[in-house]
Each structure stands twice: as structure tokens, then as C-alpha cells.
Amino acid sequence: MKRLQIKTAQNVNINFTLANVGQRLFAFGIDNILKFAYIYFAIKMLDFKMFETAVEGDSWSLRAIDIMIFLPVTFYSLYTEILLGGQTVGKKLLHLKVINIEGFKPSTTDFVIRWFLRVVDFNLFTLLFVYVASLGLDGEVVLLMLLFFFGKMIGFFLILFTKNQQRFGDIIANTVVIYLKDNVKFSETILEDISNTYIPTYPNVIKLSDNDARIIKSTFQNALKFNDYKTLIKLRSKVLEVTGIKSVHKSDKEFIDIVLKDYNFYTQNM
């Protein structure tokens with residue numbers, strides 16, 4: 001498996017394993033099974049004969065119903081990746097995650113770009129068909145079939161042959177897909193999962209370096225693992241000393257957890 005090495009501002013290297021084309025295709029397949037299952041049950045439950053009778057002769061109403069049914073499928077990868085922090089259901093099951101190429105959580109804009117450019121990665125046939133039809137070659141069935149195959153495989157070939165295994169949408173959005181179930185676990189880095197609505201508490205955490213944050217997180221996790229409360233007290237005192245944060249009425253555990261999340265928030269948005 002290929003690996004992505006990220007060098008932080010403090011020249012500390014973080015290594016991630018990139019998801020290969022097989023893993024991504026498998027996740028893509030799972031997501032498409034969910035989409036087709038949704039469409040099937042939606043059609044069965046809504047009973048289109050009833051709708052056709054109700055709106056007979058009104059093609060606009062039928063189109064509106066089609067749009068309502070297919071909207072969740074059309075925007076599936078966009079809203080799932082935003083809500084699940086870089087994962088669709090398929091990616092979550094296969095332990096895959098979309099991250100920024102610098103190691104941070106992608107912004108909403110990054111997710112929108114990835115989703116929108118799927119038209120190039122997986123649906124280029126539509127654009128190629130329009131071009132071929134404009135040349136008057138729409139009767140060339142073999143050519144159209146080749147274009148269809150090629151258009152659907154753009155994303156596949158880009159993932160297979162690009163340095164960081166990125167499809168076109170990833171390249172433009174500056175994102176990569178990583179494999180989380182790795183010897184170097186995501187939790188062992190300074191990265192924290194924070195929501196888009198997260199509100200930071202301590203601006204002074206920007207006085208910390210990446211190396212400081214790494215040491216704090218490692219010490220914090222070990223102290224929690226062994227219920228080492230003395231270490232938590234010392235760690236809190238050291239953080240207060242370095243950052244200049246005034247003492248607050250929070251437990252040592254809650255305070256350090258907030259400090260780590262705040263540090264990720266500010267460094268991701270700088």
C-alpha cells in the first residue's frame with residue numbers, strides 16, 4: 001500500500017496509508033447498493049400508478065416527484081461525507097476516510113468540490129456523448145460504448161496511476177482517501193475529530209507547537225488508560241503554564257480534551 005507523509009510546521013512527519021483502488025471501488029459498490037435499495041423501496045412505497053392517476057396530463061408534477069425521489073441519491077456522497085466527517089457508509093464500513101492532503105479535516109467547500117467533480121470522474125460519458133452527437137456520429141454504437149466505458153473509468157485510472165491515488169475531484173479539492181485500520185492509528189496523531197459547528201474555548205492554545213500537542217495527547221491517553229490522575233494534574237498545570245490560560249472550573253480530563261480540540265480547530269483554520 002502507498003503511504004502519504006505529511007510534514008508539520010515543526011518538521012514532524014506523520015504517515016498515513018492511502019486507500020487503494022480496490023478498497024475505494026468496494027466502498028463505492030456498497031454505497032451504490034444502498035442507493036439502488038432506496039430507489040427500489042421508494043418506488044414500491046409511493047406506488048407510481050397512484051401518482052400518474054393524480055397528475056395525469058401534468059408532466060411537470062411527475063418531474064417534481066422524480067426530483068424529490070432522486071435528490072437523496074444525487075447528493076448522497078456530499079451530505080454523508082459532511083455529516084460523517086469524511087466518510088460515506090461504504091467508506092465507514094471499510095475504514096476509509098477523506099482528509100485534506102495536509103492532514104486536516106476537509107472544509108465543506110472541499111467536500112462540495114469532490115462531489116461536483118464526480119461528473120468528470122464517473123460521468124464523463126454525458127459530456128463526450130454531446131460532443132460526439134454534435135459531430136453527427138451518434139449512430140456509431142461501438143464508439144459510443146467505448147466512450148461510455150472510458151467516461152466511467154476516468155476516476156478508476158486516476159486513482160490507479162496518480163502519486164497519491166487521487167481521482168480528479170480529490171486533486172482539485174486537495175484531498176486524499178486514507179485507510180484508518182493501520183499500524184499508525186489516526187488517534188495516535190495530533191488530529192482530533194471536531195464538528196463543523198465546534199466552538200473553541202481557549203484561543204491561547206495557539207502558543208503550543210505541533211510537538212507540544214503530540215506530547216500532550218500521548219501523555220493524556222496514557223494517563224486515562226491507567227487512571228493516572230497525578231499525571232493529569234501535572235499535565236494540566238504544564239498546559240496552563242505554557243499557554244497562559246487562566247485556571248478554569250473544569251475537571252483535568254475535560255480541560256485537556258478541550259485544549260486538544262481547540263488546538264486542532266485553530267491550526268486547521270489558520
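**Entry 1: a residue to begin with**

In which loop is Gln165 found? I looked it up: Gln165 is in the loop between α9 (141-161) and α10 (168-173). Helices here are DSSP runs of H or I with at least four residues, strands are runs of E with at least two, and both are numbered from the N terminus.

Before going on, I noted what I'm looking at. This is a predicted model, where local features need pLDDT of at least 70 and side-chain atom pairs count only at pLDDT 80 or more, while totals for chains, interfaces and linings use all residues. Residues are numbered from 1 along each chain as its sequence is written, and side-chain values use heavy atoms, with hydrogens and water left out.

Back to Gln165. Its phi is positive, about 55°, although Gln165 is not a glycine. Gln165 counts as buried, at 9% relative accessibility. I wrote down the cut-offs: buried is under 20% relative accessible area, exposed is over 50%, and partly exposed is in between (1.4 Å probe, protein chains only).

I found another one like this in Asn174, also not a glycine, with a positive phi near 65°. Asn174 sits in the loop between α10 and β4, and at 34% relative accessibility it counts as partly exposed.

**Entry 2: strand β3**

Next I checked β3, residues 96-100. Five of its five residues are buried, so the strand is largely enclosed by the rest of the structure. In a regular strand, side chains alternate between the two faces of the sheet. For β3, I listed Leu96, Val98 and Asn100 on one side, with Lys97 and Ile99 on the other, and all of them are buried.

Which strand pairs with β3? I found β4 (residues 175-179), running antiparallel to β3 over five bridges. Two strands count as paired if DSSP finds at least two bridges between them. Across this pairing, Lys97 stands opposite Ile178.

**Entry 3: Leu18 and its contacts**

Ile178 turned up again when I looked at Leu18. Leu18 is in strand β2 (residues 13-18) and is buried at 1% relative accessibility. Leu18 and Ile178 are 160 residues apart in sequence, yet their C-alpha atoms are 4.3 Å apart in space.

I then looked up the contacts of Leu18 (heavy atoms within 4.5 Å). Leaving aside neighbours within four places in sequence, its partners include Lys2, Leu4, Gln23, Val176 and Ile178. Gln165 from my opening entry is among them too.

**Entry 4: salt bridges**

How many salt bridges does a search of the whole structure find? The search finds eight. To count, a side-chain nitrogen of Lys or Arg must be within 4 Å of a carboxyl oxygen of Asp or Glu.

I started with Arg114 and Glu81, whose closest N and O atoms are 2.9 Å apart. Arg114 lies in helix α6 (residues 108-116) and Glu81 in helix α4 (residues 76-83), so the pair ties together parts that are 33 residues apart in sequence. Arg114 is buried at 2% relative accessibility, and Glu81 is buried at 3%.

Then I looked at Glu254 and Lys250, which meet in a salt bridge at 3.9 Å, N to O. Glu254 is partly exposed at 38%, and Lys250 is partly exposed at 29%.

Lys261 and Asp257 form another salt bridge, with the closest N and O atoms 3.1 Å apart. These two are four residues apart in helix α13 (residues 252-268), about one helical turn. An α-helix has 3.6 residues a turn, so residues three or four places apart point the same way. Asp257 is partly exposed at 27% relative accessibility.

I also noted a network: salt bridges that share partners join Arg24, Glu81, Lys91, Arg114 and Asp170.

Glu81 sent me back to α4. Its buried residues are Tyr76, Ser77, Leu78, Thr80 and Glu81. Just after α4, Gly85 takes a positive phi of about 65°.

Which helices each supply at least two residues of the nonpolar patch? They are α3 (59-74), α4 and α5 (89-93). The patch covers about 800 Å² of surface, and its members include Leu34, Leu71, Phe75, Tyr79 and Leu93. Patch residues have over 30% relative accessible area and no salt bridge; nonpolar side chains (Val, Leu, Ile, Met, Phe, Trp, Tyr) are joined within 5 Å, like charges within 9 Å. Leu71 is in helix α3 and is partly exposed at 38% relative accessibility.

Key. Areas by Shrake-Rupley, 256 points an atom, 1.4 Å probe, with all protein chains shown as cover.
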